[in-house]
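Hello,

Here is the structure I promised to pass on to you. Have a look at it first, and then read on for my notes.

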Amino acid sequence: MTGLPKRWRGSQPSTSVDDRAQQAYPGMRGRGAIRESTGLVLVLVLLVALFSVTSEHFLSRVTFTTLANQLPALAVIVVGMTLVLIAGGIDLSVGSVMALGAAVLGVTLTRWQWPVPLALSACVGVGVLAGLVNGLITVRWSIPSFIVTLGMLEIARGGAYVATDSRSVFVGSALDGVGAPLPVLGVSPAFLVAALLVVAGEVLLTRTVFGRYLVAIGTNREAVRLSGIAPAPVEVAVFTLSGALAGLAGIFHVAYLESVDPNAGIGLELSAIAAVVIGGTSLMGGRGSVVASFVGVLIIVVLQAGLAQIGATEPTKRIVTGLVIITAVIVDAWRRRWQKNR
Amino acid sequence: MTGLPKRWRGSQPSTSVDDRAQQAYPGMRGRGAIRESTGLVLVLVLLVALFSVTSEHFLSRVTFTTLANQLPALAVIVVGMTLVLIAGGIDLSVGSVMALGAAVLGVTLTRWQWPVPLALSACVGVGVLAGLVNGLITVRWSIPSFIVTLGMLEIARGGAYVATDSRSVFVGSALDGVGAPLPVLGVSPAFLVAALLVVAGEVLLTRTVFGRYLVAIGTNREAVRLSGIAPAPVEVAVFTLSGALAGLAGIFHVAYLESVDPNAGIGLELSAIAAVVIGGTSLMGGRGSVVASFVGVLIIVVLQAGLAQIGATEPTKRIVTGLVIITAVIVDAWRRRWQKNR
Amino acid sequence: GQPTPPSNGSSAAESSSAGAAVRPRVALVMKSLANEFFVTMAEGAKQHQAAHQSEYDLIVNGIRNETDITQQVALVEQMVAQGVQAIVIAPADSRALVPALRRAQQHGVVVVNIDNKLDEATLADAGLRVPFVGPDNRAGARAVGEVIAKRLGRGDAVAILEGVPTAFNAQQRRLGFEDAMRAAGIRVAAVQGAQWEQDKANTVSAALLREHPDLKAILASNDSMALGAAAAVRQSARAGQVLVVGFDNIAAVRQLLDEGRILATADQHGDQLAVYGIEFALRLLRKEAAPEDRQTPVDVVTAR
Amino acid sequence: MWSLPDNVVPALLSLRGVGKSYAVPVLTGVDLDFRAGEVHALMGANGAGKSTLVRIVCGLTTADSGAMTLAGHPHAPGSRRAAEDAGVQVVLQELDLIETLSVAENLFLTRLPHRFGLLDRASLQARASRALALVGLEALDPRIPVAALGVGQRQLVEIAAALARDCRVLVLDEPTAALTAPEVERLFAHVRQLRDRGIAVLYISHRMEEIAGLADRVTVLRDGRVVGHGAVADMPRDAIMALMTGIAPAQALPVEHAIGDTAGTRAAATGEGRLRPGSGAQGRSATAPVALRVEHLRCGTAVRDVTFEVRRGEILGLSGLVGAGRTETLRAIFGADRPDAGHISVADGRPLRLRGPRDAVRAGLGMVPEDRQAHALLLPQSIRSNITLATLRQVSRARTWVDSALERRTAGDMATRLDVRGPGLEHRAEVLSGGNQQKVVLARWLLRECEVLLVDEPTRGIDAGATLAIHVVLRALAARGTALVIVSSELEELMALCDRIVVLASGRVTGSFSRGEWTQASLMAAAFAGPGVTS
Ligand SMILES: Nc1ncnc2c1ncn2[C@@H]1O[C@H](COP(=O)(O)OP(=O)(O)OP(=O)(O)O)[C@@H](O)[C@H]1O
Ligand SMILES: Nc1ncnc2c1ncn2[C@@H]1O[C@H](COP(=O)(O)OP(=O)(O)OP(=O)(O)O)[C@@H](O)[C@H]1O
Ligand SMILES: O[C@@H]1[C@H](O)[C@H](O)CO[C@H]1O
Ligand SMILES: [Mg+2]
Ligand SMILES: [Mg+2]
């Protein structure tokens with residue numbers, strides 16, 4: 001963010017004035033973001049169709065409720081990641097912070113016997129703290145958030161090992177209120193919260209002053225500064241938010257697995273960034289949508305589940321995943337162009 | 001002069017630009033890049049000093065030759081990564097492409113009994129191909145290289161599993177000419193080649209038309225395009241170069257391990273990017289130095305070795321690594337500021 | 001230095017001033033220290049060293065994840081550069097570590113292989129002998145599989161979760177499970193890898209449960225994966241109908257064992273595994289033993 | 001002392017002894033008084049320090065020495081916000097809008113209306129529409145992103161943002177550089193209203209005629225010092241020129257003095273060069289071979305049907321209102337955008353198939369784009385590498401190894417010829433003043449020696465002296481046989497420079513005039529003509 005000097009104004013792959021006028025403008029008008037991601041939704045539908053054909057058991061209510069119950073942790077992390085990327089930063093520490101939060105949750109619940117609400121707050125609190133530190137260091141010394149959060153990735157992971165003594169902790173049904181599927185719906189409260197947060201994230205981004213500042217800072221930090229708005233507090237806030245959401249993901253993760261795994265979330269940052277970028281958010285900041293990132297999450301999750309379900313071998317899984325990621329983005333690019341040329 | 005009425009008296013006759021042409025411009029002339037990274041070198045020296053005190057066996061010739069023989073693969077990958085980042089791209093596929101190259105090398109050498117030079121060319125050739133595909137897709141559909149190379153990360157890993165049948169392949173001494181330490185020096189030919197390539201990379205970046213185009217594209221791609229220089233071929237070339245170097249890293253890796261590991265290089269992209277960013281190259285493109293990235297590599301490698309040598313526990317390793325990464329960049333930022341204020 | 005003459009600890013402690021110079025240094029190189037199994041192993045080793053301070057010094061190291069072979073090779077080399085007298089290693093890969101270990105032997109370092117056996121053919125190719133101290137994973141897995149077999153009928157379907165396929169013990173456990181199933185006439189409907197990891201095992205198990213509605217059991221090659229599988233079973237709303245077994249007997253599965261959500265696991269006495277290896281290495285240094293393989297016990301553990 | 005008689009009316013904003021240095025002193029001991037109800041023009045050559053002074057007044061940078069008072073209270077704003085709160089509004093010289101935000105959001109970025117944190121879109125849009133009406137953009141949808149606007153419209157949006165807020169002091173740093181006559185007139189009418197309401201206006205422009213028409217008072221800066229000051233009536237154009245350049249009119253050289261040796265700057269001192277007729281090659285160009293022919297060009301919605309030709313040595317002007325499609329025409333010819341239809345051919349009549357600007361450059365074309373910061377400059381790179389960007393292979397051994405000595409010499413020579421003023425060749429281009437940045441871009445293309453040079457707004461933000469210098473350069477290029485196509489929003493500039501002027505309206509040619517045929521009125525009439533009308 002700071003220290004990731006925004007590429008100079010010319011950097012946006014600048015098309016003709018006319019092209020620029022045509023570019024849909026996510027987030028200002030109505031459900032622009034959702035309309036924007038029709039290309040991705042197409043990819044998602046194709047994937048589901050494909051797996052429904054190749055596996056007789058894929059297209060079922062059970063599949064979708066299990067998927068819904070698997071994804072809350074990734075989904076809320078992706079909300080934070082989207083906002084951080086839009087502001088021109090990056091947060092590599094999400095996976096580790098999630099694990100650290102989970103570790104604290106496990107220890108406070110089982111070893112220290114804290115009441116559940118207190119333990120949950122501790123988990124989110126740890127996330128807030130980690131995010132705050134990320135933000136403050138990034139802003140204070142204007143060093144790239146890539147480095148700061150990479151450092152935090154290591155530190156939080158170390159912390160998770162210390163807290164759990166590098167052991168999995170079985171938590172049991174204490175968090176069933178969060179993770180267990182609800183009777184009729186089949187989905188867990190965690191999923192409902194995650195879905196709510198995706199919507200809230202989109203609203204935050206498009207309808208609040210804070211969200212507009214994020215976009216502005218990610219587009220042209222210097223111009224924002226010149227206009228008299230201090231970018232630093234906004235940046236610290238968005239990293240803190242990302243940390244808090246990673247902490248929340250820790251809760252979801254523990255609730256879902258009923259146990260704390262100090263190795264949870266290794267490499268999660270890459271999946272999260274991939275989902276966000278598949279959703280069309282720019283790594284350079286200034287442009288993106290939370291809802292589209294969520295579609296990115298769905299693509300990744302469906303792909304993983306489908307490949308496992310058809311019993312694909314590890315090499316096949318890898319190659320297909322790679323191809324789908326690239327294809328999704330190409331299809332999306334095509335769709336935009338096609339729409340533009342109409 | 002004094003005779004003139006006050007309003008006619010200008011200050012100094014304002015100088016025209018070329019009068020002051022002598023002023024230094026960082027990273028362009030002479031050993032600018034190396035001088036630029038003194039802050040990092042300081043961090044490196046501090047690390048070595050620290051480990052020499054905490055472990056009686058650290059400060060020895062053996063330690064350093066061991067390190068020198070471990071780092072060629074990472075070092076050449078970092079050369080490519082630096083150039084790609086400077087041009088405003090990113091290459092996440094390096095670790096997998098290295099593994100794929102290694103797998104091809106192993107299969108051609110042991111199963112198909114190819115002569116060594118041919119097998120080596122196949123290994124590098126695979127890297128070239130992967131890089132070319134990365135570059136072409138990125139440029140053709142103008143989609144973020146993050147996504148394209150993330151896809152390639154998966155695909156190449158799958159390829160490595162397919163080629164080796166997901167098993168490590170023992171190669172034996174066939175590549176001792178590359179990986180075995182030379183008699184008197186104690187370092188391997190691989191190290192010498194890597195060191196040479198670091199220097200060559202810096203020369204390429206600072207003294208050639210290609211290097212200047214990379215910097216220009218990373219700074220303002222549109223301005224480059226409107227100056228009549230097509231950015232696409234340059235971009236394809238730099239991704240191809242990065243792929244080729246990843247292939248070369250595959251050779252070094254196999255020579256060092258005397259065997260092919262289809263899981264080699266998992267997460268290597270993060271280490272490589274970390275080394276580059278520690279070295280001060282901007283993730284947003286337009287600025288950086290290959291030599292400084294190499295110092296970043298040394299910091300990472302020395303840190304790992306030192307921590308292992310003192311037998312630090314895993315959490316300690318993680319936390320110290322995180323702190324050192326952040327501190328290195330803060331120290332470097334301080335040094336720059338201090339130097340500027342002199 | 002010269003190996004000290006055989007002694008049973010007490011006498012060596014008296015000559016501690018001179019002992020510092022001659023006390024051998026032993027490096028324990030393990031796989032992922034983020035895996036509870038190895039944490040337990042490391043603790044066992046450290047306790048042993050604390051009780052035998054006068055006999056040897058210990059450096060404990062592990063790698064970041066189960067597959068980072070490069071880092072493990074680097075660790076071996078660094079330990080050689082350090083000048084340790086013995087290396088006790090749980091190799092992350094059965095082949096790729098061989099050359100580094102050969103170099104170590106060439107430097108006069110005593111090498112003992114624990115936990116995951118090095119590949120015989122590769123050892124022969126490289127022309128070296130490394131004694132293996134560890135359990136018979138195939139037999140252990142077969143024993144765990146037999147617990148399941150007793151609860152199922154012929155023709156029932158089960159699935160196997162495999163560890164990192166390049167590890168010998170992963171292959172052995174899979175074979176052991178398959179042995180037991182074949183003997184009982186149970187059908188192995190699917191084998192999928194989950195890299196020893198809880199998260200991956202969870203995703204894969206959830207998919208297996210959907211794809212094979214008739215699945216009666218999941219046999220996980222370690223307990224981390226068993227935890228992931230157990231969570232998937234609960235989420236699948238077929239709780240109680242699908243059995244899970246694991247391997248390692250880590251603390252986290254104890255409650256699940258008692259609740260019956262994990263039927264059985266194998267205790268390979270991880271805390272003692274390194275100790276066996278270290279003791280054997282010390283005896284080799286003292287030239288008290290010949291470099292032969294030693295088998296360590298594996299016990300089936302079920303609900304208390 | 002020249003400032004004493006002004007004390008009759010108390011100053012609203014005063015500067016005393018203000019100084020500022022970067023690598024070299026930029027402002028030295030500046031004393032200035034701005035009074036309520038007056039338009040105060042600040043004049044000075046490129047790099048004289050005008051924008052630096054503006055930045056100090058509006059809190060974007062702090063002075064090294066000196067003090068300011070606003071309405072009798074010390075004025076030392078620590079940020080632009082603080083200055084705005086004190087009543088100082090400013091329109092900066094370089095466009096600094098946020099491309100991804102909507103026009104409305106940009107207009108009110110620092111004071112977005114909200115209820116409980118949620119944006120109040122209705123009120124935002126209503127206020128935005130009102131603000132846009134102030135600058136004649138009532139037709140613009142305030143919800144579209146700024147990225148969709150051209151330079152002219154962006155400039156108007158920035159002005160609207162400042163005008164929409166209450167203030168006591170309004171600072172306008174070259175607001176009209178990208179505007180055409182009608183927009184300028186509307187802006188002036190508004191500024192006069194504000195002045196009459198008692199606001200102090202600080203106005204910066206290089207256009208002499210604007211100063212005469214708008215300002216009450218003029219201060220001239222040279223090399224960071226105040227060198228002249230007075231009521232506009234007492235400051236004839238010649239005197240201002242002389243003050244700006246430091247060269248007495250008597251010392252002036254003839255205008256046509258070849259490209260080099262700062263001829264333009266000196267010519268400026270005579271105050272006459274501007275009105276001299278166009279290129280000396282006029283007679284020749286009428287019969288010279290055609291260098292570029294454009295037939296029925298269509299590109300997007302901006303360029304609908306454009307046909308014209310330029311001969312070797314001819315200077316062709318493209319005129320029209322903001323949004324007429326001039327920029328887009330140049331971009332389509334240059335291959336920057338892909339044309340939808342039409343033919344383009346160069347010298348030998350061969351049709352050009354352009355896949356991109358590289359093909360255009362290979363065919364002998366060059367283009368100086370409208371937005372120099374976004375589309376031409378590598379701001380954080382050295383001035384040297386900016387100058388040699390398009391000719392890097394020519395200053396390299398074997399077209400591969402950059403010969404840094406040769407490169408430095410080449411860039412240095414060109415910088416001297418164009419009289420680029422700044423801290424030094426190795427400094428970042430971003431520290432140059434706007435005018436000098438423009439010269440750097442021109443230098444890049446002069447080195448390339450194109451056969452056809454397309455120039456979009458050649459003198460946007462360039463001082464009178466440098467404007468003349470650039471005109472001299474352009475004429476000399478034409479005299480050497482280069483064909484020039486020039487887009488300018490200043491009719492006066494086109495009339496002074498061109499052999500022929502083609503007028504566009506809504507993407508179509510609505511008039512074509514040779515030197516002598518045109519009048520300001522006939523050109524304006526064509527610009528306002530509806531589509532399809534041709535003369
Ligand atoms: N940040 C900076 N660092 C170094 N030098 C600077 C910086 N900003 C401005 N300068 C120098 O200060 C001088 C005055 O610049 P300024 O922008 O005030 O000129 P100006 O009068 O506005 O010119 P123009 O008419 O071209 O806009 C120039 O020589 C410029 O190079
Ligand atoms: N309401 C609008 N919505 C979207 N795009 C618009 C709108 N109005 C104008 N534009 C675009 O902006 C361009 C105007 O650009 P600009 O303000 O830079 O004018 P200009 O460059 O001075 O004029 P010219 O196009 O003649 O060079 C138009 O050609 C058009 O493509
Ligand atoms: O034996 C060990 C354990 O079972 C562990 O869970 C994974 O690695 C194996 O080598
Ligand atoms: Mg200025
Ligand atoms: Mg224009």
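How many helices and strands are there in chain A? Chain A has 15 helices and two strands, where helices (H or I, at least four residues) and strands (E, at least two) are DSSP runs, numbered from the N terminus.

A word on conventions before the rest. Residues are numbered from 1 along each chain as its sequence is written, while chains are lettered from A and ligands numbered from 1 in the order in which they are written. This is a predicted model, in which local features need pLDDT of at least 70, side-chain atom pairs count only at pLDDT 80 or more, and totals for chains, interfaces and linings use all residues; side-chain values use heavy atoms, with hydrogens and water left out.

**Chain A**

The mean pLDDT of chain A is 85, and 88% of its residues reach 70 or more; pLDDT is the predictor's confidence in each residue, from 0 to 100. A contact here means heavy atoms within 4.5 Å. Please keep one caution in mind: where pLDDT is low, the predicted coordinates should not be read in detail.

Of the 342 residues of chain A, 67% count as buried. Buried means under 20% relative accessible area, exposed over 50%, and partly exposed in between (1.4 Å probe, protein chains only). Contacts between residues 24 or more positions apart make up 79% of those in chain A with a separation of 6 or more. Its accessible surface comes to about 11,200 Å², of which 69% belongs to carbon and sulfur atoms; such areas come from the Shrake-Rupley method with a 1.4 Å probe, and for residues only the protein chains shown count as cover.

Two residues of this chain are worth a visit. A:Thr108 sits in helix 6 (residues 94–111) of chain A and is buried, with a relative accessible area of 2%. A polar atom of its side chain lies 3.0 Å from the backbone oxygen of A:Leu105. Leaving aside neighbours within four places in sequence, A:Thr108 is in contact with A:Gln113, A:Trp114 and A:Ala119. A:Val62, in helix 4 (residues 61–70) of chain A, is partly exposed at 43% relative accessibility. From A:Val62 to A:Arg335 there are 273 residues in sequence and 32 Å in space, C-alpha to C-alpha.

**Chain B**

B:Ser293 belongs to helix 14 (residues 290–309) of chain B, and its relative accessibility of 0% makes it buried. Its side chain is joined to that of B:Thr82 by a polar contact of 2.9 Å. A polar contact is a pair of N or O atoms within 3.5 Å; within protein, one must be able to donate a hydrogen and the other to accept it, and residues adjacent in sequence count only if both atoms are side-chain atoms. Beyond four places in sequence, the contacts of B:Ser293 include B:Val78, B:Ala275 and B:Gly279.

B:Ser93 is in the loop between helix 4 (72–86) and helix 5 (94–111) of chain B. It is buried, at 1% relative accessibility. B:Ser93 and B:Met152 are 59 residues apart in sequence, yet 5.6 Å apart in space, C-alpha to C-alpha.

**Chain C**

Chain C has 12 helices and 12 strands. Of its 304 residues, 63% count as buried, and its C-alpha trace spans about 65 × 40 × 30 Å along the principal axes.

**Magnesium ions and chain D**

Which residues coordinate the magnesium ion (ligand 4)? They are D:Ser51 (OG) and D:Gln93 (OE1), at 1.9 to 2.0 Å. Donors are N, O and S atoms within 2.8 Å of the metal (3.2 Å for Na, K and Ca), and water is not among the atoms, so sites may look incomplete. D:Ser51 lies in helix 1 (residues 50–57) of chain D and D:Gln93 in the loop between strand 6 (88–91) and helix 3 (103–107) of chain D, so the pair ties together parts that are 42 residues apart in sequence.

The magnesium ion (ligand 5) is coordinated by D:Thr327 (OG1) and D:Glu370 (OE), at 1.9 to 2.3 Å. Both D:Thr327 and D:Glu370 are buried.

Best wishes
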